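Q: Could you zoom in on one part of this model and talk me through it, element by element? I'd like the packing and pairing spelled out, cut-offs included.

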Amino acid sequence: MTRRHLSATPSRRTVVKAAAATAVAGSVLAATGARAADGPAFLHGVASGDPLPDGILLWTRVTPAPDAGPGSGLGADTPVAWEIAEDRDFTRIAARGTAVARAASDHTVKADVRGLRPATAYWFRFSAGSTVLSPVGRTRTAPAAGAAVPGIRFGVVSCANWEAGWFSPYRHLAARADLDAVLHLGDYIYEYASGSYPTQDTVVRPHAPLHEIRTLADYRLRHATYKTDTDLQALHAAHPVIAIWDDHEFANDAWSGGAENHTPGTEGSWAARVAAAKQAYFEWMPVRASTEGTVYRRLSFGGLAELHLLDLRSFRSEQASIGNGAVDDPERSITGRAQLDWLKAGLTASDARWKLVGTSVMISPVAFGALPAHLLAPLAELLGLPGEGLAVNVDQWDGYTDDRKELISHLRDHAVTDTVFLTGDIHMAWANDVPVRAATYPLSASAATEFVVTSVTSDNLDDILRAAPGTVSVVAATAVRAANRHVKWIDMDSHGYGVLDVTAERSQMDYYVVSDKTSREATASWVRSYRTRSGTQRIERADAPVR
């Protein structure tokens, strides 16, 4: 593939927002090194998330004393004030309030602010004591319900393994002035012990704690470690983040009753581990907790787009084993009955032009044809494929075909158009049609489209094989596309992020890659763009990214 940097005249929207975004990134980077010798400090940045037309969720963590580290349980409950303003100098205050950073919540603080104006940029900050101020963040509310919106633009990311590299994709997204929010599709943290994934000889920076995380203190410390990364802090301070979880917020290949790398006899009960992981997640992430501690929820962006966010770990059945036909068992589910009904009802009732579905794992079917054995094994690792080579993605929707058939049939039977699935998980970038019947595609209809973003740092095919980009991946991608005509593009080499631009006429994903995930100064360049035009349910290539 051709990778090149773009030099283009910025749009009016970019010019208007540029100074604000640059100021946010600079203020965060300047503030993160400050540590109080005693008394409270804001060492983990600030964040916002889940934008509403009249509100936003604000987040921070207070370190009340030097020994009151994350997960320690130490430190006094600390009063915190917050304020949100229409200008960076905080001369036009829109709202203010107080909260308490309690040891019981690991000294994290959330403020669910309401009464704001729709489609408006705001600045926010926290304070503790009379003189200690947090870094300043910038956020944005969603457009008013049903409002005519010319466009919405999201950054899209997934799969950020601390040990595998630096988070430069976050830095590049933080520097953009044209985003309404950033969508994180899961694997925000990884649970592994240091040196177990990736291998010890490729670790760029060690986890904290070093062991595999299992307890509440462990999960808290791992989240806190991530939020010391200056690029991640800059991202959270520059844009509201809309996040869902995947498996590594818990444990690898998690399902409702266990996980691939959880052993109840030696690692305690799965229920206790999940409870700890969820508590830490909701403490440390700018996410509103839905009912029963799940992340499936719905956010609207005027009359243009509605975002349906899924939880594909809490309710799923165990992944299928080899050769028993369980993938087609109608009693097995990836969503759970209640969530699937919620999704179907929401898609049918939506008045928005575009129905965007945030799904942590790929919904498009994939068969593998005649791949060489040396390529099938690493692809099996990435895709959740049994090592013996059964041609199905058992950790993805391919392992739960009845749910997929029901959802696709619902889209067809109720004439639900312009549905776009946004996906992470597999450390590769894809652009797919979602066929009604894959075996007869392209003669059969396409019910929706899917954009899959690659990983921020987590290992892809080239990393696993330690191969040069554009070598073995070309063979694998060619074989996959030959067996799956609905797959329009795959990049198995790169790390990076996506930018989704939505207008009434089309939804377009621009794919960006970083030069070197092991370099803190990695550059980013555009590599491909794909779009789906309204009413078509088909993917097509676009010649350039959206300006």
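Predicted model: local features only at pLDDT ≥ 70, side-chain atom pairs only at ≥ 80, totals over all residues.

A: Axes here are lines fitted to C-alpha atoms (for helices, over the stretch in contact), with angles from 0 to 180 degrees between N-to-C directions. Helices (H or I, at least four residues) and strands (E, at least two) are DSSP runs numbered from the N terminus. Residues are numbered from 1 along each chain as its sequence is written, and side-chain values use heavy atoms, with hydrogens and water left out.

Let's start with a helix pair. Helix α7 (residues 337-349) and helix α9 (residues 401-413) have axes that come within 10 Å and cross at roughly 15 degrees. That makes α7 roughly parallel to α9 (under 35 degrees is roughly parallel, over 145 roughly antiparallel, 65 to 115 roughly perpendicular, and the rest oblique). The crossing of α7 and α9 is right-handed, meaning that the near helix is turned clockwise from the far one by less than a right angle, with anticlockwise being left-handed. On the α7 side, R337, L340, D341, L343, K344, L347 and T348 take part, and they meet D403, E406, L407, H410 and L411 of α9; contact means heavy atoms within 4.5 Å. Sorted by class, the contact of α7 with α9 has five nonpolar, two polar and five charged residues (Ala, Val, Leu, Ile, Met, Phe, Trp, Tyr, Cys and Pro are nonpolar, Asp, Glu, Lys and Arg charged, and the others, Gly among them, polar).

Now to the sheet behind α9. Helix α9 lies across β15, β16 (429-435) and β17 (446-452), and its direction is at about 125 degrees to that of β17. Helix α11 (residues 472-483) also packs on the sheet, where it touches β16 and β18 and makes about 165 degrees with the direction of β18. The sheet itself is open and has seven strands, in the order β12-β13-β14-β15-β17-β16-β18, with mixed pairing. The edges are β12 (297-301) and β18 (487-491), each with a single partner strand, so one side of each has no neighbour in the sheet. From one strand to the next, the twist averages 20 degrees. Two strands pair if DSSP finds at least two bridges between them. Strand β14 (residues 354-359) pairs with strand β15 (residues 419-423) in the parallel sense over five bridges, and V357 has F421 of β15 as its bridge partner.

For a contrast in pairing, look at β20. Strand β19 (residues 496-502) and β20 pair in the antiparallel sense over seven bridges, and a hairpin joins β19 to β20 through three residues. Residue L500 stands opposite M509 in β20. On to the next pairing: β20 is antiparallel to strand β21 (residues 524-533) over nine bridges, and V514 has A524 of β21 as its bridge partner. Nine of the nine residues of β20 (residues 506-514) are buried, so β20 is largely enclosed by the rest of the structure. Buried is under 20% relative accessible area, exposed over 50%, and partly exposed in between (1.4 Å probe, protein chains only). Both faces of β20 are covered, with R506, Q508, D510, Y512 and V514 buried on one side and S507, M509, Y511 and V513 buried on the other.

The axes of α3 and helix α6 (residues 270-284) come within 8 Å and cross at roughly 35 degrees, and the crossing of α3 and α6 is right-handed. From α3 the contact draws on L216, Y219, R220, H223 and A224, and from α6 on R273, A276, A277, Q279, A280, Y281, E283 and W284. By class, the contact of α3 with α6 has eight nonpolar, two polar and three charged residues.

Residue E212 is in the loop between β10 (181-184) and α3 (216-226). E212 is buried at 13% relative accessible area. Setting aside neighbours within four places in sequence, E212 contacts E191, Y192, A193, D218, N261, E267 and R273.

To put this in context, the chain has eleven helices and 22 strands, and buried residues make up 62% of its 547 residues.
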